[in-house]
Amino acid sequence: MALQVSDLSPHVGAEVASDLATLLSGDEGSAFQTLLLTKGVLLFRNVAVDDDQLLTFAKTLGVVRKER
């Protein structure tokens, strides 16, 4: 599924329409990174993820650090 992105406001936030498989594949990782850096907030509606899936997606954005 191709990413569909809509601005939430002119300067901050973007809503990303994507399916779970695309989010977890890592294929769009650089697109998500760019969006996050330019818009600051990404909104994904109607995508249910468990903890392991969220961690997999977070790794496409960069290094995940475990805090104590």
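Which residue just after H3 takes a positive phi? Gly62 does, at about 150°. Helices here are DSSP runs of at least four residues (H or I), strands runs of at least two (E), numbered from the N terminus.

A word on the model. It is predicted, so local features need pLDDT of at least 70 and side-chain atom pairs 80 or more, while totals for chains, interfaces and linings use all residues. Residues count from 1 along each chain as its sequence is written, and side-chain values use heavy atoms, without hydrogens or water.

Now the other end of H3, residues 51-61. At its start, a side-chain oxygen of Asp50 comes within 3.1 Å of the backbone nitrogen of Asp52.

Next, salt bridges: a Lys or Arg side-chain nitrogen within 4 Å of an Asp or Glu carboxyl oxygen. The whole structure has three. Asp7 pairs with Lys39, closest N and O atoms 3.5 Å apart. Asp7 sits in strand E1 and Lys39 in helix H2, so this pair ties together parts 32 residues apart in sequence. Asp7 is exposed, at 52% relative accessibility. Lys39 is buried, at 10%. The cut-offs: buried is under 20% relative accessible area, exposed over 50%, partly exposed in between, with a 1.4 Å probe and protein chains only.

Arg45 and Glu15 form another bridge, at 3.0 Å, N to O. Arg45 is in the loop between strand E3 and H3, Glu15 in strand E2, 30 residues apart. Glu67 and Arg65 also pair, at 3.1 Å.

Last, Val16. Contact means heavy atoms within 4.5 Å. Leaving out residues up to four places away in sequence, Val16 touches Leu3, Gln4, Val5, Phe32, Leu35, Leu42, Leu43 and Phe44.

Methods: A polar contact is a pair of N or O atoms within 3.5 Å; within protein, one must be able to donate a hydrogen and the other to accept it, and residues adjacent in sequence count only if both atoms are side-chain atoms.
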